[in-house]
Amino acid sequence: MNSNLTMNRLECQGIVIYKEDYSEADARIVVFTDSVGIMNLYIKGIRKTKKRDIAAVDILSYSKFSLIRKNDMYNLSDFELINDFTEIKKDLEKLSLVFYVLDVVKKIFLEEEPRKAEFNLLKNVFWSSFCKEPKTYLV
């Protein structure tokens, strides 16, 4: 799915690189997206819901996101899991290396600075290096 920005709506793909509980029911995630780069998103009620696919917003999940821009902020309206990189999560050595890479990505790129080539590189490295069935994507 290619990113699509129309009016105040944005459709994109991204990898969740950080997640923290924000209140009793909410969470904040940092997503490295294919079109916008690093984004901070707040998800209201995610920790109390049983209807939404919460795996799609867990750290290291590669997901599709539907966003609505209001007052210079993006609100998450919908999301869908593409890949949760289960093979990485099963191996402590791989997982620790990936967490290090995600931390570096979070620290070196500015928020809302498009980095499509770097995003594709990260996605390809995860698939080709850490998953059983590598998929090839052009950068």
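Biologist: In what order do the elements of the protein chain run from the N terminus on?

Modeller: This is a predicted model, where local features need pLDDT of at least 70, side-chain atom pairs count only at pLDDT 80 or more, and totals for chains, interfaces and linings use all residues. Residues are numbered from 1 along each chain as its sequence is written, and side-chain values use heavy atoms, with hydrogens and water left out. Helices (H or I, at least four residues) and strands (E, at least two) are DSSP runs, numbered from the N terminus. The protein chain has three helices and six strands, and the order is β-β-β-β-β-β-α-α-α.

Biologist: What percentage of the residues in the protein chain is buried?

Modeller: Buried means under 20% relative accessible area, exposed means over 50%, and partly exposed lies in between (1.4 Å probe, protein chains only). The protein chain has 139 residues, and the buried part of them is 39%.

Biologist: How much of the accessible surface belongs to carbon and sulfur atoms?

Modeller: Accessible areas come from the Shrake-Rupley method with a 1.4 Å probe, and for residues only the protein chains shown count as cover. The accessible surface of the protein chain is about 8300 Å², and the part belonging to carbon and sulfur atoms is 51%.

Biologist: Which residues does Leu 102 contact, leaving aside its neighbours within four places in sequence?

Modeller: Leu 102 sits in helix 2 and is buried, because its relative accessible area is 1%. With contact meaning heavy atoms within 4.5 Å, the residues touched by Leu 102 are Val 16, Ile 17, Ile 59, Leu 60, Leu 122 and Phe 126.

Biologist: And which residues does Ile 82 contact, again leaving aside neighbours within four places in sequence?

Modeller: Ile 82 belongs to strand 6, and a relative accessible area of 34% makes it partly exposed. Its C-alpha atom is 6.8 Å from that of Lys 64, 18 residues away along the chain. Beyond its sequence neighbours, Ile 82 is in contact with Gln 13, Tyr 62, Ser 63 and Lys 64.

Biologist: How many salt bridges does a search of the whole structure find?

Modeller: Side chains of opposite charge can pair when their charged atoms come close. A salt bridge here is a side-chain nitrogen of Lys or Arg within 4 Å of a carboxyl oxygen of Asp or Glu. In the whole structure, the number found is seven.

Biologist: How far apart in sequence are the parts that Asp 58 and Lys 19 tie together?

Modeller: Asp 58 and Lys 19 form a salt bridge, with their closest N and O atoms 2.9 Å apart. Asp 58 lies in the loop between strand 4 (38-43) and strand 5 (62-70), while Lys 19 lies in strand 2 (residues 9-21), so the separation in sequence is 39 residues.

Biologist: Glu 20 forms a salt bridge with Arg 28; is Arg 28 buried or exposed?

Modeller: The closest N and O atoms of Glu 20 and Arg 28 are 2.8 Å apart. Glu 20 is partly exposed, at a relative accessible area of 28%. Arg 28 has a relative accessibility of 14%, so this residue counts as buried.

Biologist: By about how much of a helix are Lys 107 and Asp 103 separated?

Modeller: The side chains of Lys 107 and Asp 103 meet in a salt bridge of 3.0 Å, N to O. Lys 107 is exposed at 64% relative accessible area, and Asp 103 is partly exposed at 33%. The two are four residues apart in helix 2, so their separation is about one helical turn.

Biologist: Which residues form a nonpolar patch on the surface?

Modeller: Patches are made of residues with over 30% relative accessible area and no salt bridge; like charges are joined within 9 Å, and nonpolar side chains (Val, Leu, Ile, Met, Phe, Trp, Tyr) within 5 Å. One member, Ile 108, lies in helix 2 (residues 92-108) and counts as exposed because its relative accessibility is 53%. With about 400 Å² of accessible area together, the patch residues are Leu 97, Tyr 100, Val 104 and Ile 108.

Biologist: Which element gives the largest share of the lining of the largest pocket?

Modeller: On a 1 Å grid over the protein atoms alone, a pocket is an open set of points where a 1.4 Å probe fits, with protein on both sides within 12 Å along at least five of seven lines, and lining residues have an atom within 4 Å of a point. The largest pocket has a volume of about 200 Å³, a volume being the space filled by probe spheres set on the points, which are joined across faces, edges and corners. Of its ten lining residues, the closest to the centre are Tyr 42, Ile 43, Lys 44, Tyr 74 and Asn 75. The largest share of the lining, four residues, comes from strand 6.
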